[in-house]
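User: I have a model open and would like to learn how to read it. Please take me through a few features, one at a time.
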Amino acid sequence: MRGANRGTCVVLAVLALAAVARGGDAPVGWASVDGGTRGGQGGATVTVDDASALVAQAEGVPPLIIRVSGTIRLASPVRVRSNKTILGLGSDATIIGGGFQITKVSNVIIRNLTIRDAPDAINIEGGANHIWVDHCDLSQCNDGLVDIKHGSDLITISWNHFHDHHKTCLVGHSDKEAIRKVDQGHLRVTYHHNFFDGTQTRHPRVRYAEPVHVFNNYFRGNEYGVAALMDSGVLVEGNVFEDVPHPTHTRYGDSPDPGRLVERDNVYIHGGKPEVRGTVAEPRQAYDYTLDRPADISTIVKNGAGVGKVGLSRP
């Protein structure tokens, strides 16, 4: 029996490593379409270790790969310009007190960073597009951890560890008719292999967008998982929901209109039943993706999500 248990552990470890490797250096999901998300590809590589240097490089015009070393304390959010990759070195690169504001820009990658104690960890709005947030550790902010709104589009949120927070990920700013006109046809987001670890709500909470694709994530100890509202369309597949009383909602809060939500191949452990409604457009019409077995997701995600998992090292 002990030999069999060791064999099972080895298999699961290999699965986890394979899944991390499959993440690679290009996004899967909506950030991969229409030319993909390149960040600072083709630009110079610089290393920053203080707030003034980070702000100057992130707000500059040329494409850049910006490597963050150590802990940087910010007094306000950094406004990131187009064609930037911002990545942490090692497993201890940390942003405290500011976070990132991504507005009216394109081709931005944020990877391998711990971000906490900010107004929002990452706020994406104003039609920003081709954004990839990957392998970050996000917690303890005043409002959202990753909020996506005001016509932003073609975004992938992958392999992040979300924890110690309440309102986690918002897609669509409000129920107002004026917002509907801005957001419909946009806000296409893919969430995959994220660890929603005790965060309470919004994983994500979605308005107007279709399709938002939520696959192979691990939800543990949340108030609710995914909420599809205001005629949004959300596909939820291959995830694990553990100790989640409400895995999915199609009505929630004061939003007057329900959304549409399709669930398939999910695992529910010690929790409630999902709410489903209607049909949703298939993301496979836009991009290819590979589903990991839901039975393996808790191990794969716990081992692969968060910082220090993408092969980065100090210079």
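Analyst: Start with one residue. Leaving aside neighbours within four places in sequence, Ser-232 is in contact (heavy atoms within 4.5 Å) with Val-206, Arg-207, Tyr-208, Ala-209, Gly-259 and Arg-260. This is a predicted model: local features need pLDDT of at least 70, side-chain atom pairs count only at pLDDT 80 or more, and totals for chains, interfaces and linings use all residues. Residues are numbered from 1 along each chain as its sequence is written, and side-chain values use heavy atoms, with hydrogens and water left out.

User: Where is Ser-232 found, and why does Ser-232 count as buried or exposed?
Analyst: Buried means under 20% relative accessible area, exposed over 50%, partly exposed in between (1.4 Å probe, protein chains only). Ser-232 counts as buried because its relative accessibility is 0%. Ser-232 is found in the loop between strand 22 (224-229) and strand 23 (233-237). Strands (E, at least two residues) are DSSP runs, numbered from the N terminus.

User: Which backbone oxygens does the side chain of Ser-232 reach?
Analyst: A polar contact is a pair of N or O atoms within 3.5 Å; within protein, one must be able to donate a hydrogen and the other to accept it, and residues adjacent in sequence count only if both atoms are side-chain atoms. The side chain of Ser-232 reaches the backbone oxygen of Val-206 at 3.3 Å. A polar atom of that side chain also lies 2.8 Å from the backbone oxygen of Leu-229.

User: What does strand 22 pair with?
Analyst: Two strands pair if DSSP finds at least two bridges between them. Strand 22 pairs with strand 19 (residues 205-207) in the parallel sense over three bridges. There, Leu-229 is the bridge partner of Arg-207. Strand 22 also pairs with strand 25 (residues 246-249), again parallel, over three bridges. Ala-227 stands opposite His-249 in strand 25. Six of the six residues of strand 22 are buried.

User: How do I read a nonpolar core?
Analyst: In soluble globular proteins, nonpolar side chains tend to be buried together. A nonpolar core is a set of buried Ala, Val, Leu, Ile, Met, Phe, Trp, Tyr and Cys residues joined through side-chain atoms within 4.5 Å. The largest one here has 55 residues. Leu-54, Phe-100, Ile-102 and Leu-113 have the most contacts inside it. Strand 2 (residues 64-68) gives the most to this core, with three residues. A second, separate core of seven residues includes Val-33, Leu-154, Tyr-287 and Tyr-289.

User: What does Ile-102 touch?
Analyst: Not counting residues up to four places away in sequence, Ile-102 touches Val-80, Val-108, Ile-110, Ile-122, Asn-123, Ile-124, Glu-125, Ala-128 and Ile-131.

Terms used:
Helix = DSSP H or I, 4+ residues; strand = E, 2+ residues; numbered from the N terminus.
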